[in-house]
Amino acid sequence: MLLVAAALATGATAATAAPPAAKAASHSVKVCSDARPGEAACAARAATDPAGKRITSNALPPASALTPAQLRSAYRLTGTASGGRTVAIVDAYGYPNLERDLAAYRKQFGLTACTSASGCLKVLNQTGGTSLPTFNLGWAQEQALDVDAVSAACPDCKIVVLQAKSASFTDLGTAVQTAAKLPGVVAISNSYGGSDASDASYGKYYNFPGIAVTASAGDNGYQGASYPAASSYVTAVGGTSLNQASNARGWTESVWSGTGSGCSAYNAPLAAAANSGTGCAKRAMNDVAAASDPSNGGLAVYYPTSSTSSTWGQFGGTSEASPIIASVYALSGNTGSKTTGTYANSIPYAHTASLFDVASGANGTCTTTQWCTARTGWDGPTGLGTPNGTGGF
């Protein structure tokens, strides 16, 4: 998940202040430095021990980290397949050892190799070329989380990574537009966001009926809407804490206190959400959710520690949730229709019985309870809930 340093101008007066600093998350640290003016900073979070030291392991994934088998068990994805559909990931800057590190991750968990030689993996720049941007450690760690999350949720999905030349919203948006034109892409994951903004200004980057465009809600707790999660064109993805349990499902979920949520001041409400009681006059976020708590549901990730070295760690943030949900859309094969102008974000509202409703926890205080506090049915932090198989998508 990324935080745009300079607000996105929306019609009349553009905000000049940066979004609020990330809400303090217990036992985790953000992996990127603060943004420079006009750019974005990734905000994926790495789990730490009580002393604040990152949970790492050179030889094996941390025992506390979520494995692919556990993730698929939690969301009843075991045995599902996409038939080779493609999930696109949009991030900024380069990551020269992405393919090597992804290979280590997939080998560790017994997943079929996904390589550029086989056509399973592509890494492109924002316009679709192969001249890749310069390395950035924080952004490379974000990319490692993203490709590992897709691999975990949808092992047979093809993956294309679009690396923007900078963290500017224009460059990231250009990468999304490129991704939407690539053959086979059915879902595009965007683990970044900034201040609430208008689709009139930025919607051209995300307006792709027939493709599931997902966006992270942010890691600031309840602060109001963020863009592009607040776009009427995307599926806004919130975050949960996920724990194993001795119940019928085998897992419990509650709101992750760091997840973003809120109401857009600019964008049209989803027609599909009209009966959900959002309490928002305009676009409400979120639509759905997935594991995001770095300490409770954080994913095992093989990630770079420098331009040459990598190791195992445990990562979360709503950066984890967005690629998971994009992968579930790919598994379902149901991503709306370009012909009829149907957006993928409408689909869960017609299939709420095929989601796990998250009804406990909160991400802050708010004037309208459901904007920040879980309840039965729709709520801001977790939307309609988390995947229960692919039927909700």
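Visitor: What is the mean pLDDT of the protein?

Guide: The mean is 92, and 91% of the residues reach 70 or more; pLDDT is the predictor's confidence in each residue, from 0 to 100. Over residues 1-24 the pLDDT is below 50, although this stretch has 81 contacts (heavy atoms within 4.5 Å) beyond near neighbours in sequence. Where pLDDT is low, the predicted coordinates should not be read in detail.

Visitor: Why is the contact between Arg-283 and Asp-287 called a salt bridge?

Guide: A salt bridge needs a side-chain nitrogen of Lys or Arg within 4 Å of a carboxyl oxygen of Asp or Glu. The closest N and O atoms of Arg-283 and Asp-287 are 2.8 Å apart, so the pair meets the rule. The count by this rule comes to three salt bridges. Another joins Glu-253 and Arg-249, at 2.9 Å.

Visitor: How do you know whether Arg-283 and Asp-287 are buried or exposed?

Guide: Buried means under 20% relative accessible area, exposed over 50%, and partly exposed in between (1.4 Å probe, protein chains only). Arg-283 has 1% and Asp-287 has 0%, so both count as buried. Of the 393 residues of the protein, 59% count as buried.

Visitor: What about Arg-100 and Asp-101?

Guide: They form a salt bridge with closest N and O atoms 3.1 Å apart. Asp-101 is buried at 0%, whereas Arg-100, at 40%, is partly exposed.

Visitor: What makes the pair of Phe-109 and Trp-312 edge-to-face?

Guide: Rings of Phe, Tyr and Trp (its six-membered ring) pair if their centres lie within 6.5 Å; planes under 30 degrees apart count as stacked, over 60 as edge-to-face and the rest as tilted. The count comes to 15 aromatic pairs. In this one the centres are 5.8 Å apart and the planes are at 85°, so the pair is edge-to-face. Phe-109 lies in the loop between helix H2 (98-108) and strand E7 (121-125), and Trp-312 in strand E19 (residues 310-316), so the pair ties together parts that are 203 residues apart in sequence. Helices (H or I, at least four residues) and strands (E, at least two) are DSSP runs, numbered from the N terminus.

Visitor: How do you know that the buried residues of H2 line one face of the helix?

Guide: Those residues are Leu-98, Asp-101, Leu-102, Tyr-105 and Arg-106. Seen down the axis of H2, they fall within an arc of 135°, taken from the directions from the helix axis to the C-beta atoms, so they line one face. An α-helix has 3.6 residues a turn, so residues three or four places apart point the same way. The buried residues of H2 pack against several elements, including helix H1 (68-74) and strand E18 (299-304).

Visitor: Why does Arg-249 count as lying over the face of Phe-356?

Guide: The rule asks for NZ of Lys or CZ of Arg within 6 Å of the ring centre and within 35 degrees of the ring normal. Arg-249 lies over the face of Phe-356 at 3.7 Å from the ring centre, so the distance is within the limit.

How values were computed: Residues numbered from 1 in each chain as written. Predicted model: local features only at pLDDT ≥ 70, side-chain atom pairs only at ≥ 80, totals over all residues. Heavy atoms only, no water.
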